[in-house]
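Hello,

Here is the structure I promised to pass on to you. Have a look at it first, and then read my notes below.

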Amino acid sequence: MISGSKTVALLLGLSLAWSANAQEPEARAAGSSSAEAQALIASLARPAPSRTPFAEARFMKVLEQPLLVSGELGWLGGDRLERRVDKPARETSTIADGEVTQQREGRKPRSFSLKRAPQLQVLLDSFVALLGGDAGRLNQGFDVRHATRAGGWTLTLTPRDARLAKAIASIEIDGRGGEPRCMRMQEADGDLAVDLLGELAAHMPAAPTRDALSALCKGG
């Protein structure tokens with residue numbers, strides 16, 4: 001289930017891009033409080049269905065160069081999420097009705113139930129709360145930290161569930177106004193996935209590095 005857990009974690013985490021056209025929150029000074037984090041999360045909510053482009057660089061210890069993929073993300077409402085990869089090969093991953101399905105071009109679909117991995121259900125519930133702007137429900141699954149900087153903000157999510165924390169160390173979302181621009185998912189084994197969301201997806205470097213993407217996400 002390690003590989004499947006990572007795939008679903010990415011699918012869920014990338015659903016953050018739903019809010020690309022959400023209402024822009026008011027600018028806030030540095031040193032934000034939990035109340036400000038709640039206000040930001042609430043302001044990011046928007047109705048489904050929603051789709052947005054993404055580009056991902058996955059840094060893995062076993063590879064010298066990062067893996068690059070790009071495609072489209074979709075939140076279809078409720079717990080229905082979709083991640084479609086167009087490059088380098090077509091692949092679609094979906095979550096719907098408690099089932100995870102992966103379809104790769106030229107292969108038979110693979111499916112499994114979320115009941116086999118309770119920690120993934122925790123992750124799904126938490127991200128559905130984020131998609132709906134429900135800060136209280138999100139806090140049940142994650143410790144949520146909010147930081148501001150000139151021209152932007154960062155939400156840092158740390159899993160409360162010990163089983164989930166064995167797969168995901170933290171998730172950071174960088175944004176400006178009401179638009180998430182990047183997501184960095186730090187996995188517990190040291191691997192890192194960095195996703196550029198919305199319009200920023202078109203600016204993925206041909207040979208990205210961790211530092212270069214961090215600067216891009218922060219607006220550098």
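**What I found**

Searching the whole structure turns up one disulfide (a pair of cysteine sulfur atoms within 2.5 Å). Please keep in mind that this is a predicted model, where local features need pLDDT of at least 70 and side-chain atom pairs count only at pLDDT 80 or more, while totals for chains, interfaces and linings use all residues. Residues are numbered from 1 along each chain as its sequence is written, and side-chain values use heavy atoms, leaving out hydrogens and water.

The disulfide is formed by Cys 182 and Cys 217, with their sulfur atoms 2.3 Å apart. Cys 182 lies in strand E10 (residues 179–187) and Cys 217 in helix H6 (residues 210–217), so the pair ties together parts 35 residues apart in sequence. Such elements are DSSP runs numbered from the N terminus: helices (H or I) have at least four residues, strands (E) at least two. Why is the disulfide left-handed? Because the torsion about the S-S bond of Cys 182 and Cys 217 is about -95°.

Cys 182 is buried, at 0% relative accessible area (buried means under 20%, exposed over 50%, partly exposed in between, with a 1.4 Å probe and protein chains only). Cys 217 is buried too, with a relative accessible area of 0%.

Now for some strands. E2 (residues 67–77) and E3 (residues 80–87) pair in the antiparallel sense over seven bridges; pairing takes at least two bridges found by DSSP. Strand E3 is also joined to E4 (residues 91–96) by five bridges, again antiparallel. In E3, Glu 82 stands opposite Gly 74, and Glu 82 also stands opposite Thr 94 in E4.

Best wishes
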